[in-house]
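Q: I have a structure open and want to talk it through. Can we start with one of the helices?

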Amino acid sequence: MDDHLADVRALVGDLVGDRADAWDLAGELPRTVLRELGGRGALCAQVSAEYGGLGLSSLANGELTAHTGSLCSSVRSVQTSQGMAAWAIARLGTSEQRRSYLTELTSGGLAAMAFSEPGAGSDLSAIETRIEPDGDEVVVTGRKVWVTAGAYADLIVVVGRFGTDAAVVVVPATAQGVHVERVPDPVGCRAAGHADVRLDSVRLPAGAVLGGGGQALGMVVTTALTYGRMSVAWGCVGILRACLRESTAHARSRSQFGKPLAEHQLVARRLAELLVAEQVATRTCEHASGCWDSGDPELAAQAVLAKHVSSGNAARGAASAVQLLASRAAQDGTPVARAYRDAKLMEIIEGTTEICQIVLAQHAMATAGRNRG
């Protein structure tokens with residue numbers, strides 16, 4: 001229920017606090033923090049109470065995600081990856097798989113979603129990872145790159161080819177043939193545990209394949225990416241709120257030429273633009289979450305729109321905040337410098353700015369065609 005939102009927001013605030021800059025500099029999140037968040041349902045908060053989750057609506061989960069993102073985009077990135085994995089399990093898994101895997105994820109287990117490959121980034125139709133039946137087992141072979149939270153995950157939810165169709169398989173990180181290697185020195189979300197994962201003929205029970213496999217690749221991708229885009233969009237709202245918080249505090253306390261920065265018109269303009277960017281991103285995300293919660297068929301397009309608007313606003317807003325804070329934001333270990341790097345990464349993951357524009361253009365053409373009819 002959404003009544004849990006206040007409690008879980010407080011939990012995130014207590015566990016993250018002001019530690020994000022230190023975690024970012026170290027490139028590492030404490031696993032104890034992640035497991036406590038996971039065990040309290042905060043990493044996949046839309047999982048229903050039936051499986052030990054909080055059962056939040058998309059709107060409530062969005063506000064939780066924005067709150068997390070305003071404190072630490074690396075924790076929010078883990079939240080996104082685990083949420084995507086849980087959503088894929090909930091949508092594609094059997095009742096037995098849902099009970100087994102989702103209960104683990106709401107009890108402190110950590111998961112990551114593995115899509116991208118060396119030759120399949122924006123074009124996920126180029127996925128080459130194979131999930132091949134072999135009696136009562138399957139053999140998983142391939143390589144995944146930039147798996148967010150992969151360095152922390154107990155379970156890696158892998159999308160691959162399954163004959164002429166597709167499948168999603170849940171791979172224990174400790175299984176023989178699984179090799180996880182951290183991505184060194186990522187530009188943004190440095191503590192999110194980005195990793196490359198090599199799968200060398202990994203043998204698993206056939207029951208590890210969600211729903212038995214044989215789904216259309218487009219359906220599998222859309223299922224998980226829609227959740228991911230919503231989570232990134234709300235996380236970008238959090239980045240904007242952090243930039244607005246830091247910028248207004250600085251403009252209020254810092255004086256130049258005999259008066260507070262906030263009273264200089266060009267500074268005031270930047271503050272106004274930051275507020276507008278945060279409000280526009282928030283309203284766009286609220287609309288997309290409303291589509292999710294009401295079952296609106298426009299959800300997929302609205303999730304892309306929310307991700308596109310929010311990530312672009314966050315990147316521009318963070319750059320403006322750096323300009324406003326000047327030297328105070330010009331070195332690592334500060335919230336605005338971190339926001340600047342993190343926001344740029346948000347324009348790439350879960351669909352680049354260019355991919356979002358293509359999808360939205362196609363949606364505009366399809367909508368125009370229906371209207372003419």
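Q: Which residues of H10 are buried?
A: This is a predicted model, to start with. In H10, the buried residues are Val 336, Ala 337, Arg 338, Ala 339, Arg 341, Asp 342, Ala 343, Leu 345 and Met 346. That makes nine of its 12 residues, so the helix is mostly covered, with buried meaning under 20% relative accessible area.

Q: Where does H10 run, and what is its reach from first C-alpha to last?
A: H10 spans residues 335–346. Its first and last C-alpha atoms are 16 Å apart, close to the 16 Å expected at 1.5 Å a residue.

Q: What do the buried residues of H10 pack against?
A: Five helices. They are H2, H4 (58–71), H5 (73–92), H7 (217–253) and H9 (299–325).

Q: Take H2. Where is Asp 24, and what does Asp 24 touch?
A: Asp 24 is in helix H2, which covers residues 20–26. Leaving out residues up to four places away in sequence, Asp 24 touches Arg 190, Ala 191, Arg 338 and Arg 341. Arg 338 and Arg 341 are among the buried residues of H10.

Q: Is Asp 24 buried or exposed?
A: Buried. Asp 24 counts as buried because its relative accessibility is 4%, and the cut-off is under 20%.

Q: Switching topic. What does the UniProt record say about residues 220–363?
A: The unreviewed UniProt entry annotates them as "domain: Acyl-CoA dehydrogenase/oxidase C-terminal". In the model, that stretch is 79% helix and 3% strand. Its end C-alpha atoms lie 20 Å apart.

Q: What lines the largest cavity?
A: Gln 46, Ser 58, Asn 61, Gly 62, Thr 65, Tyr 227, Met 230, Ser 231, Trp 234 and Trp 292. H4 and H7 are the elements that give two or more residues to this lining.

Q: And by class, what is in that lining?
A: Six polar residues, four nonpolar and no charged ones.

Q: Which residues line the second largest cavity?
A: Leu 43, Asn 61, Thr 65, Gln 79, Thr 80, Tyr 227 and Ser 231. Here H4, H5 and H7 each give two or more residues. By class, this lining has five polar, two nonpolar and no charged residues.

Key: Residues are numbered from 1 along each chain as its sequence is written. This is a predicted model: local features need pLDDT of at least 70, side-chain atom pairs count only at pLDDT 80 or more; totals for chains, interfaces and linings use all residues. Side-chain values use heavy atoms; hydrogens and water are left out. UniProt positions are given in the numbering used here, feature names are shortened, and annotations may be inferred rather than shown by experiment. Helices (H or I, at least four residues) and strands (E, at least two) are DSSP runs, numbered from the N terminus. Buried means under 20% relative accessible area, exposed over 50%, partly exposed in between (1.4 Å probe, protein chains only). Contact means heavy atoms within 4.5 Å. The expected span of a helix is 1.5 Å times one less than its number of residues. On a 1 Å grid over the protein atoms alone, a cavity is a set of points where a 1.4 Å probe fits but cannot get out, and a pocket is an open set with protein on both sides within 12 Å along at least five of seven lines; lining residues have an atom within 4 Å of a point. Ala, Val, Leu, Ile, Met, Phe, Trp, Tyr, Cys and Pro count as nonpolar, Asp, Glu, Lys and Arg as charged, and the others, Gly among them, as polar.
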